[in-house]
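Student: I would like a close look at one strand and the sheet around it. Please take me through it step by step.

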Amino acid sequence: MLRPDEFDFLAKLLKERSGLVVTSDKGYLLESRLTPVARSRGLAGLSEIVTKLKANDEALARDVTEAMTTNESFFFRDEKPFTQFKEMVLPHIMAARAAKKSIRIWSAACSSGQEAYSLAMLLKEEQARMAGWHIEIVGTDISVEMLDKAKAGLYSQFEVQRGLPITLLVKYFKKKDESWQIDPALRAMVQFKEWNLLRDLKPLGQFDIVFCRNVLIYFDQPTKAKVLEGISKQMPADGMLYLGGAETVLGISDKFKPIPNQRGIYGLTA
Ligand SMILES: C[S@@+](CC[C@H](N)C(=O)[O-])C[C@H]1O[C@@H](n2cnc3c(N)ncnc32)[C@H](O)[C@@H]1O
C-alpha cells in the first residue's frame, strides 16, 4: 500500500509531466498500472518506484507517465465527427484554401493512430475531388509505445472490428498473420511524432483542422485552458477544432467558441 506522501509524490509527478490528475480515490489505478512497471524492473512495488523517482530516475519517470496514460481509441470513433468532417468541414476548408490547395490536419493525442488513419481513409475516399491537393496529417502523442504501434499500422482483429466499415477494411488493410496491416499509401499520408501537449506547440506549425479528442478529460481546468490556448495559436483564424463527446471549451477557454449546429466542433474567437 502506498503511504499518503508517496501517493502525493506520484500524483504531483504525473500532473507535471502529462497533465494527468489522479485524485485520492484513484489509488487503485496507480497500483494496477504501476505494479507491472515495478515488476518489469525487479522492484518490489510502488514504494520502491517512488524511492527511485526521488533519486531522479528519468527513464523510470517516463515509463511511469506512459503507463498511466489511457490509450483507448478506435477507427471512426463516435462516427458523427467524421461525417461532419466529410460533409461540412472539408468542403468549407477546401473552398477557403482553393488558391493554396493545401490542408494540414493534426490528430493531437493520437494514441495508436486510429483517428489519423480514419481521416486518411476518408480523404482517400474523396480523392476524386482532391486531385492536386497537398494534404498533411500529423499525429502526436506523449506515449512512445502507442506511437510505435501507430507507425507500424498493425491492428488486431478486435481493433479493426471497432468502428471500421468492412468495405474500408477490405480496401485498405491486408491480413498479416493474426493482424491487419494498413495500406502503405495510407501510412505515407500520416506523420507520427512524440509531443507532449503541455509543451510549446509552436514547432509543430499551423494546422487548419485539429482533432484533440478524449485527452482533455484527464486534465484539470487550468491545464485544459493552457492546452486550448496553445492549440489556438497553432490555428489560422478560420481553423476548426474537434473535441471529444465529453469535452467542451465552455467555461474553460475564451479562445474558442462552438460552431453553431455542429456539436463538438469549435472555431477561434475573433
Ligand atoms: C484516450 S486516448 C484518445 C485517442 C484519440 N484521440 C481518440 O479520441 O480516440 C488519450 C491519449 O492522450 C495521450 N496523452 C495523455 N496526456 C498527454 C499529453 N500531455 N500530451 C500528449 N498526449 C497525451 C495518451 O497517451 C493517449 O494516447
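In β7, which residue is the bridge partner of Ile105?

Tutor: The partner is Ile209. A word on the model before we go on. It is predicted: local features need pLDDT of at least 70, side-chain atom pairs count only at pLDDT 80 or more, and totals for chains, interfaces and linings use all residues. Residue numbers start from 1 along each chain, as its sequence is written.

Start with β7 itself, which spans residues 209-212. Strands here are DSSP runs of E with at least two residues, helices are runs of H or I with at least four, and both are numbered from the N terminus. Both faces of β7 are covered. Ile209 and Phe211 lie on one side, Val210 and Cys212 on the other, and all are buried. Buried means that 20 or more other C-beta atoms, placed from the backbone, lie within 10 Å of the residue's own; exposed means 12 or fewer, and partly exposed is in between. In a regular strand, side chains alternate between the two faces of the sheet.

Now the neighbours. Strands count as paired if DSSP finds at least two bridges between them. β1 and β7 run parallel, joined by three bridges. With β8 (residues 240-243), β7 has four bridges, again in the parallel sense. Ile209 has a bridge partner there too: Met240. Strands of a sheet pair through backbone hydrogen bonds, either parallel or antiparallel.

Step out to the whole sheet. Seven strands make it up, in the order β6-β2-β1-β7-β8-β10-β9. The sheet is open, and its pairing is mixed. β6 (190-194) and β9 (256-258) are the edge strands, each pairing on one side only. From one strand to the next, the twist averages 25°. Axes for such angles are lines fitted to C-alpha atoms, for helices over the stretch in contact; angles run from 0 to 180 degrees between N-to-C directions.

Follow β1 the other way. β1 (residues 102-108) runs parallel to β2 (residues 134-141), with seven bridges between them. A helix joins the picture here. α7 (residues 144-152) packs on the sheet and touches β2 and β6. Its direction makes about 165° with that of β6. Contact means C-beta atoms, placed from the backbone, within 7 Å.

Next, the ligand. Its shell holds 23 residues; Thr69, Ser73, Ala109, Ser111 and Asn214 are the closest. The shell divides into seven nonpolar, 11 polar and five charged residues. Ala, Val, Leu, Ile, Met, Phe, Trp, Tyr, Cys and Pro count as nonpolar; Asp, Glu, Lys and Arg are charged; the others, Gly among them, are polar.

Last, a second sheet for contrast. Three strands form it, open and antiparallel, in the order β3-β5-β4. Four bridges link β4 to β5 (residues 179-182) in the antiparallel sense. Lys176 stands opposite Ser179 in β5.

Back to your strand: β7 joins β1 through three bridges and β8 through four.

Methods. A residue is near a molecule or strand if its C-beta atom, placed from the backbone, lies within 6 Å of it. Two residues are in contact if their C-beta atoms, placed from the backbone, lie within 7 Å.
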